[in-house]
Every structure is written in structure tokens, then in C-alpha cells.
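The sequence and structure come first.

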Amino acid sequence: MPTARRTWPTREEWAAAAEHSVRTACYPLERVPEGAEHYLTADELAEMDRLYVDLSTAARAPLTAEIKRLQALLPAPIPAKPLERARWHDGLTGEQRAAWQALQNLRNARLEVGRRARGETYKLIGWYRSPLDYSVLSPDVAPLVADQDGLARLTELETKYARLREQAAKEALAAAIAKAIEVRNSDAGWAHELERRQRIDGDPVITHHEAAP
């Protein structure tokens, strides 16, 4: 049996979809660099890194103490096997379940706080979760930080960084949309699109208006 030929959008439909195509190609923040060095001054970046190291280093001892306190609220031993742990969890009281959840959050935070204390200020998997969820800025760790003034300053720097990056992303998105609209409404852009379609199909392309009824 002959293979059904693909039908493509008309030139007008393709041009009208320019903005949608750009918006769905990637997240806006993926259009701009991630590193804070692109948005903060050298002095601000150095200050932010220093605050992360100092505050994270100071938070490690109280963080560990709080983890031990939460562990003491739970029935021991905590099973290692998933099924046994699920049954163990089902037997917890409401207070113990809250302690268990807080314990998981602090254990995750201990990993990130430890990295920051060692000067490893690289981001965790940004598209999966924000590293701030487990840093000294997180709601779970912030109360354990003694230097609240330093924490407030770190928050200011992170807020400025996030604001400037989001603004850059908006501007990059707007520029990309304007460029796509310009290209899709030009004869050269349409000719290039037809060439692309023919490379995919290997035959002269058919648009919706040209397709057989």
C-alpha cells in the first residue's frame, strides 16, 4: 500500500505559529546563562560566595544536632528495606511523621550545606529543583543560622540575581519571538522552510490547502 504523504501547514499557518513555536521550544530561563557571574558585579559575587561558605560552615553543627534530635523522636531502628520501612512509617504517630519529614529535608540540606561550606557553589540540577531549597536559605535550615544579618544579605544577593536573570530571560524571549515573526513573514524564511520540509519528506511538500479533499 502506498504510504500516506504528510500534509504541512500553509505559509499563513506557519507564519501565524511563530510566537507559539518560540515559546514552546524551551523554558525562558534556558535562553540565558545560569551563573550569577553574568548578573552580579564581581564584588557582589565574591560576597555571595563568602557568605555561603561562612554561613554554611557555621550551620553544620546545629544542623547535625537537629538531625540527631529528630532521629531520637522516631522508633528505632529505622528499617533499611523499602517495604519494611513503609510498614514502619504506617505505624508512626502524627508527630512522628512530621519529625520524619523534617528529618528527610534536613538530611538533603546537609548535603548541599556541606558542599557550600567547602566552597562548591555550583548549582544542583536546576530544572529538577532549586538548590536554594536545601541551602542555608531554606526554611528548614535558616532558623539554625546564627548570623541572621548575614543571612538577610545573602537573601538580597540571591533575590537580585534571580530578578536580573528573569529580566534577561524575558528580553531574550521577546527578541526571539520578534526574530521568528520576521523570518516567518519573509520570502527567504518561507523558502528555507520548504527546503527543510522537502529534506524530511524527500518529495515535493503538500500544504493543507493543496491536499486532496
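In this predicted model, the charged end of Arg116 sits over the ring of Tyr52, 4.0 Å from the ring centre. Tyr52 is among the buried residues of helix 3. The points below are grouped by topic.

**Aromatic pairs**
- A pair of aromatic rings is described by the distance of the centres and the angle of the planes.
- The chain has three aromatic pairs, and two of them are described here.
- Trp88 and Trp100 make an edge-to-face pair, with 5.1 Å from centre to centre and 75° between the planes.
- This second pair joins helix 4 (residues 82-90), which holds Trp88, to helix 5 (residues 94-117), which holds Trp100; the two residues are 12 apart.
- Both Trp88 and Trp100 are buried.

**Helix 3**
- Helix 3 has 31 residues and, at 1.5 Å a residue, should span 45 Å; the distance between its end C-alpha atoms is 45 Å, so the two values agree.
- A bend of about 40° occurs in helix 3 at Arg60, and Pro62 follows within four residues.
- Buried positions in helix 3 include Glu44, Met48, Leu51, Leu55, Ser56, Ala59, Leu63, Ile67 and Leu70.
- An α-helix has 3.6 residues a turn, so residues three or four places apart point the same way.
- Helix 5 and helix 6 are what the buried residues of helix 3 pack against.

**Cis peptide bond**
- Ala76 and Pro77 are joined by a cis peptide bond, with omega about -5°.
- Pro77 is located in the loop between helix 3 and helix 4.

**Whole chain**
- The chain contains seven helices and two strands, in the order β-α-α-α-α-α-α-α-β from the N terminus.
- Of its 213 residues, 31% count as buried.
- Among contacts with a separation of 6 or more, 71% are between residues 24 or more positions apart.
- The accessible surface is about 13500 Å², and carbon and sulfur atoms supply 55% of it.

Methods: Residues numbered from 1 in each chain as written. Predicted model: local features only at pLDDT ≥ 70, side-chain atom pairs only at ≥ 80, totals over all residues. Heavy atoms only, no water. Phe/Tyr/Trp six-rings, centres within 6.5 Å; stacked < 30°, edge-to-face > 60°. Buried < 20%, exposed > 50% of the residue type's maximum accessible area, 1.4 Å probe, protein only. Lys NZ or Arg CZ within 6 Å of the ring centre and 35° of its normal. Expected span 1.5 Å × (residues − 1). Bend = angle between axes of the 7 residues up to and from the residue. Contact = heavy atoms within 4.5 Å. Areas by Shrake-Rupley, 256 points an atom, 1.4 Å probe, with all protein chains shown as cover.
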